[in-house]
Amino acid sequence: MVVQRFESMLENAQFNKIESNLPRMRMFYRVYSDRVYIFHVCDAREGMFFDRSSYQKMIRQIQEEFFQKGFFQIQILSVIFTADMKKARELADSGEAVWIVDTLCNRLMIYESQPSDFMGIREYFERMLSEAPVEKPLKKKNRYISLCNSGIVIINVLIFFWLEAKGNTENAYYMIEHGAMYVPYMVNHGQMYRLFTAMWLHFGFEHLSSNMFSLLLLGDNLERAVGKGKYILIYLLSGLGASMCSFLYNFITASYAVAAGASGAIFGVIGALFYVVIKNHGKLEDMTIFRLGILIVYILYTGITTPGIDNAAHIGGLVIGVLLAILLYQGREGEVNER
């Protein structure tokens, strides 16, 4: 493939390779005296995975990394392989040194403001492009349906309808019998298992549907970002932590309400997603930091102003979700890591 050919050409020219945290981005550098020359190779054939501001931030990070290594004269040229020439042109106008390779025709695009050559490599590069077969455009990967998140939704729905078939899920005494949180039973009889079982119970269909709709809307994004195992860990630990916050609040205030629902775990998902979106420069798939921030403010406000809402669980789950994401999510910032 054309990207691999270019990288092999650089390695044959004695350039040192540096991997980044982004799998479609690599750096190749050579040192002459006290000056370092860097090729910043971006494989964007599946679609551009950063915008102009993110790109400029990555260039600053690369410069800082080499500055810390003792280099004060740093020259960087980004070589971006893409079929999306419109977005590529925006990067070429960013003020940074950028060459664009149109992968639909293996053509090197050098715009007016860009360097006409870099370390004498242009001639060899264009010859290599002319000899390389034109590849078929890579299809964008479909966002898969997140199996773990869907499975959690299905479990909640099945438990609800099983309980509803046997009795009335809006009856507090019935829900206590089947695992809802109730502080006197937990303190007097040591029934701390209710911290877990209450996560899977809901008071009526409206309670269930609102929670499951939120989980379907947001959980898929988080699972794709962090992976299945970490997603399950975030969901379960956030739910348990939210239940513990609810238990402590009710115990301290002697407000012994019957509590149940997946909302604490869902708030954990929201908190984790908020952190992940921040780490991805304010956008993840179709989710932006602005949209998510508005959603968080709205649901917290609704919870505070609506009677019967377990705000201790909501706020606790949200905070725990953020903390878990900080611990578990490595991010896709594109920092330079030498290997």
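## Surroundings of Glu7

In this predicted model, Glu7 touches Arg26, Phe28 and Val41, when residues up to four places away in sequence are not counted. Glu7 belongs to helix α1, which covers residues 2-12. With a relative accessibility of 8%, Glu7 counts as buried, because the cut-off for that class is under 20%.

One of the residues touched by Glu7 is Arg26, and the two side chains also make a polar contact with each other, at 2.6 Å.

## Ser238 in helix α10

Ser238 lies in helix α10, formed by residues 228-253. Its relative accessibility is 0%, so Ser238 is classed as buried. A polar atom of the Ser238 side chain is placed 2.7 Å from the backbone oxygen of Ile234.

Once neighbours within four places in sequence are set aside, Ser238 is in contact with Leu233, Gly264, Ala265, Gly268, Gly317, Ile320, Gly321 and Leu324. Among these partners, Gly264, Ala265 and Gly268 fall within the range of helix α11, residues 263-279.

## Gly271 in helix α11

Gly271 is a residue of helix α11, which spans residues 263-279. Gly271 has a relative accessible area of 0% and is therefore buried. Neighbours within four places in sequence aside, Gly271 is in contact with Leu318, Gly321 and Val322.

In sequence, Gly271 and Ser238 are separated by 33 residues. In space, their C-alpha atoms are 9.4 Å apart.

## Overall architecture

The protein contains 13 helices and eight strands. Its radius of gyration is 26 Å, whereas a compact globule of 339 residues would have a value near 20 Å. Along the principal axes, the C-alpha atoms fill a box of roughly 80 × 40 × 30 Å.

Considering contacts in the protein with a separation of 6 or more, 65% are accounted for by residues 24 or more positions apart.

## Burial, surface and charge

Of the 339 residues, 47% count as buried; Glu7, Ser238 and Gly271 are each in that class. The protein exposes about 17200 Å², and carbon and sulfur atoms supply 58% of this area.

The protein carries 32 positive and 32 negative charges.

Conventions: Residues are numbered from 1 along each chain as its sequence is written. This is a predicted model: local features need pLDDT of at least 70, side-chain atom pairs count only at pLDDT 80 or more; totals for chains, interfaces and linings use all residues. Side-chain values use heavy atoms; hydrogens and water are left out. Helices (H or I, at least four residues) and strands (E, at least two) are DSSP runs, numbered from the N terminus. Buried means under 20% relative accessible area, exposed over 50%, partly exposed in between (1.4 Å probe, protein chains only). A polar contact is a pair of N or O atoms within 3.5 Å; within protein, one must be able to donate a hydrogen and the other to accept it, and residues adjacent in sequence count only if both atoms are side-chain atoms. Contact means heavy atoms within 4.5 Å. The radius of gyration is taken over C-alpha atoms; the globule rule is 2.2 Å times the number of residues to the power 0.38. Accessible areas come from the Shrake-Rupley method with a 1.4 Å probe; for residues, only the protein chains shown count as cover. Lys and Arg count as positive and Asp and Glu as negative; His and the chain ends are not counted. The place of a charge is taken as NZ of Lys, CZ of Arg, CG of Asp or CD of Glu.
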